[in-house]
Amino acid sequence: MNRRGLLALASGGVAALALRTRPAAAHGAAAHGPVLIEMRGSARGEHVGFAPLGLAVAPGALLRFVNRDASNSHTATTYHPSLFDRQRRIPAAAAPWDSGLLLPEESFEVTLEAAGVYDCYCQPHEMAGMVLRLVVGRPGDPGWEGAAPPSDDLPEAALAALPSVEAILADGPLMPAGLA
Amino acid sequence: MLIRSLAAAVAVSCAAAFAVPAAAQDADLSKAPPPAPYAAVSSLVELPDFLPGLGTLYVDPETLPAGPFLGYDHDGKLSATIYMVPIADLEAGTAFDDLAVGAPEVTSVDIYYNAGHPGVEEPHAHVVLLHDADAKARLAE
C-alpha cells in the first residue's frame with residue numbers, strides 16, 4: 001500500500017483513524033471493506049458533490065473517500081474549530097479530520113466511533129454546496145449528539161444541501177442530483 | 001499644429017485600442033512550456049497536470065483569477081486560451097478588460113459555468129477560446 005500520509009487521532013480511546021492513499025489502494029477493499037463515498041463532478045465542473053451526500057453507518061464504520069472527478073481536486077473536511085476555525089458540527093467526543101486535497105483516484109480513510117451527526121465539506125467546493133452529512137449510530141445511542149443547528153458559519157448553498165437526519169435514517173444513502 | 005496633435009492623438013488611441021499585452025505579443029506561447037511568468041497550474045495548486053476539456057494549463061499567477069490560462073494538448077501545442085471569471089465579481093460590476101490571448105486565431109468559443117476548483121474556488125464562468133478546429137477533440141481527454 002502506497003500510503004501518502006497517516007494521521008491517527010484519539011479522543012477518549014480511538015475515536016478516529018485516518019489515512020490517505022494513492023490510487024492503487026483505492027481498489028483493494030476487503031470483502032467487508034470500507035463504506036465508499038465518492039467525490040464526483042460533471043465533465044465541465046458545473047456540478048460537484050459527495051455521493052452519497054447523506055449516509056447512516058454504525059459506530060466503528062470505516063469510510064473510504066475516493067476522488068472520482070477527473071478534472072478536479074476535493075477534500076473531506078469536518079467542521080471543527082481546529083480546522084480553519086470553523087464551528088464544530090461533529091460530536092464533541094469525535095476527533096476532527098481533514099483529508100487534504102485529493103487528486104483524481106486518490107483516497108482517504110477514516111473510522112468513526114462516536115455516535116452522532118457529522119457534517120463535512122469539500123474545501124474548494126463548499127460555496128458550491130459540496131457537503132456531506134454522516135449519521136453514526138442512532139438517536140438515543142450512548143453519547144449521541146444530534147445535528148448542529150443552522151449557522152451563518154456555512155454558506156447558504158452548503159446549508160441548503162445538507163439532508164436532514166430523519167431523511168437519512170428513513171431513506172438510506174441519499175445521492176446528489178445530477179451526479180448519478 | 002492642430003492637425004499634427006490630432007494625428008498623434010489618433011495614433012495613440014489606435015495603439016491603445018489594438019494593444020496586445022506583452023506576454024501575448026512578445027513571447028512564443030505556441031509550445032509548452034510557455035516562458036515565465038507563466039507557471040504550470042498543477043505546480044501552483046493541487047490539480048492534475050492535464051485537465052480533460054482544458055488541457056495542460058499554465059497561468060501567470062499575477063493574473064488570477066481571470067487569467068488567461070493557456071491550454072496545451074498532449075503534444076504541447078497551444079490549443080486554447082481560457083478565462084475564469086467569478087460570477088460574484090461580475091454581479092458586483094467588476095469588468096475584466098484587455099485580457100491577453102495566447103494566439104490571435106480563434107475558431108470557436110465555449111462559455112460555461114464551473115462550480116470552482118483549487119485556485120479559483122468561487123463559482124465562475126469558463127470562457128474557452130479554441131485556437132483551431134481540432135483543439136476541442138485534442139483537449140477532451
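How many residues does the contact take from chain B and from chain A? The contact takes 17 residues from chain A and 16 residues from chain B, where two residues are in contact if their C-beta atoms, placed from the backbone, lie within 7 Å. On the side of chain B that touches chain A, strand S6 (residues 108-114) of chain B gives the most, with three residues. By class, that side of chain B has nine nonpolar, four polar and three charged residues; Ala, Val, Leu, Ile, Met, Phe, Trp, Tyr, Cys and Pro count as nonpolar, Asp, Glu, Lys and Arg as charged, and the others, Gly among them, as polar.

This is a predicted model, in which local features need pLDDT of at least 70 and side-chain atom pairs count only at pLDDT 80 or more, while totals for chains, interfaces and linings use all residues. Residues are numbered from 1 along each chain as its sequence is written, and chains are lettered from A and ligands numbered from 1 in the order in which they are written.

Chain A has ten strands and two helices; helices (H or I, at least four residues) and strands (E, at least two) are DSSP runs, numbered from the N terminus. Four strands of chain A form an open sheet with mixed pairing, in the order S5-S10-S9-S7; two strands pair if DSSP finds at least two bridges between them. Strand S5 (54-57) and strand S7 (77-78) of chain A stand at the edges, each with a single partner strand, so one side of each is left without a neighbour in the sheet. S5(A) and strand S10 (residues 131-136) of chain A run parallel and are joined by four bridges, and A:Ala56 has A:Val135 in S10(A) as its bridge partner.

Four bridges join S4(B) to strand S5 (residues 78-86) of chain B, and the two run antiparallel.
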